[in-house]
Amino acid sequence: MVDLRLAASFRRIGEEYDLRRPGFPEEAAAEVLPGPVGSVLDLGAGTGKFTELLIDRADRVIAVEPSDPMRAVLMRKLPAVDARDGSAEEIPLRAASVDAVVAAQAFHWFDRERACAEIRRVLVPQGVLGLVWNRSVPDCTWDRACSRIAHPALEPGPSALDGPSEHLPGFEGPRVVHVPWFESIGRDEYIARWLTVSSFLAADPLESARMVALIEDVLDTDPATAGRSRFTLPQVTEVFVYRSL
Ligand SMILES: C[S@@+](CC[C@H](N)C(=O)[O-])C[C@H]1O[C@@H](n2cnc3c(N)ncnc32)[C@H](O)[C@@H]1O
């Protein structure tokens, strides 16, 4: 069940999200779209961090994003993209009008049944659905510990790192690909990134400060980060590729 309060927390952020959040490796986009297509829809496109990887892979790129500040950044950065207000549950497109749909770091915010039905409606038969998440790496103890502070239950999304991958109604697949990558990140930048995560966006100032203190404590005590102002952050981009039936 989606926590709508957390999902709506992105309605208050745009520029800061774009500044703080990481992008995605090209290889992740190449796994979803190995060759050029006519049209692709990025659903829950945010500020366009994955959308920008689609531009050279499709004649027409459409981005659907419900948050006004997120969409405003996307429109400024990527003027060639057809950016539209909308949601995964009500996609503002005609039936069978796109060859592929992508959702990066976003599918866990959708009402799954309704979103899958809508995605199938707008996709051509045998159209591609690519779901993408940047995830913490299991053996990076400090980043995993910080993830648990932000997401006490589980990191969002159906991680194949934690179990079998999920079947989606009306789709075949998935084919699962893991793309590992590294990022050099300053301690302050790393902490500021957490402030763009839904649980921080939705928290009151006291709760947010409590979570920041816990993250600082992890960074002060883990041998890989203690006493350092810059870290190497390993990440893995998980890509799930489905086809509509
Ligand atoms: C973590 S951000 C990911 C943004 C972007 N795809 C990226 O990778 O940077 C999640 C996005 O999903 C959007 N979102 C939340 N609920 C949604 C829904 N029901 N339909 C479409 N987008 C939704 C949010 O507004 C937010 O921009």
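## Ala63 and its contacts

Two residues are in contact if their C-beta atoms, placed from the backbone, lie within 7 Å. By that test, and leaving aside residues up to four places away in sequence, Ala63 touches Asp42, Ala45, Gly48, Thr51, Leu74, Val81 and Ala83. Keep in mind that we're looking at a predicted model here.

Ala63 sits in strand 2. It has 27 C-beta neighbours inside 10 Å, so it counts as buried, the cut-off being 20 or more. Val40 is 23 residues away from Ala63 along the chain, yet their C-alpha atoms are separated by 8.6 Å.

## The overall picture

Stepping back, the protein has nine helices and seven strands. Its radius of gyration is 18 Å, close to the 18 Å that the globule rule gives for 245 residues, so it's as compact as a globular protein of that length. Along the principal axes, the C-alpha atoms fill a box of roughly 55 × 35 × 35 Å.

Of the 245 residues, 41% count as buried.

In soluble globular proteins, nonpolar side chains tend to be buried together. Here, the largest nonpolar core has 56 residues, and Val40, Leu43, Ala100, Val101, Val102 and Val132 have the most contacts inside it.

Not counting residues up to four places away in sequence, Val132 touches Phe24, Ala28, Phe50, Val102, Ala104, Gln105, Thr237 and Val239.

## Strand 4 and its partners

Which strands flank strand 4 as pairing partners? Strand 1 pairs with strand 4 in the parallel sense over three bridges, and strand 5 pairs with strand 4, also in the parallel sense, over six bridges. Val102 shows both pairings: Asp42 stands opposite Val102 in strand 4, while Gly130 is the bridge partner of Val102 in strand 5.

How many residues of strand 4 are buried? Seven of its seven, so to speak a mostly covered strand.

## Around the ligand

The ligand is surrounded by 21 residues, the closest being Phe10, Gly44, Gly46, Ser87 and Trp109. By type, the shell divides into twelve nonpolar, five polar and four charged residues.

Most residues other than glycine have a negative phi, and most peptide bonds are trans. A few spots here go the other way. Gly173 and Pro174 are joined by a cis peptide bond, with omega about 15°; Pro174 is found in strand 6 (residues 171-186).

Ala96 isn't a glycine but has a positive phi of about 50°. Ala96 is in the loop between strand 3 (82-84) and strand 4, and counts as partly exposed because it has 14 C-beta neighbours inside 10 Å. Gln126 is another non-glycine with a positive phi, near 60°. Gln126 lies in strand 5 and is exposed, with 10 other C-beta atoms within 10 Å.

Methods: Residues are numbered from 1 along each chain as its sequence is written. This is a predicted model: local features need pLDDT of at least 70, side-chain atom pairs count only at pLDDT 80 or more; totals for chains, interfaces and linings use all residues. Helices (H or I, at least four residues) and strands (E, at least two) are DSSP runs, numbered from the N terminus. The radius of gyration is taken over C-alpha atoms; the globule rule is 2.2 Å times the number of residues to the power 0.38. A residue is buried if 20 or more other C-beta atoms lie within 10 Å of its own, exposed if 12 or fewer, and partly exposed in between; C-beta atoms are placed from the backbone. A residue is near a molecule or strand if its C-beta atom, placed from the backbone, lies within 6 Å of it. Ala, Val, Leu, Ile, Met, Phe, Trp, Tyr, Cys and Pro count as nonpolar, Asp, Glu, Lys and Arg as charged, and the others, Gly among them, as polar. A nonpolar core is a set of buried Ala, Val, Leu, Ile, Met, Phe, Trp, Tyr and Cys residues joined through C-beta atoms within 7 Å. Two strands pair if DSSP finds at least two bridges between them.
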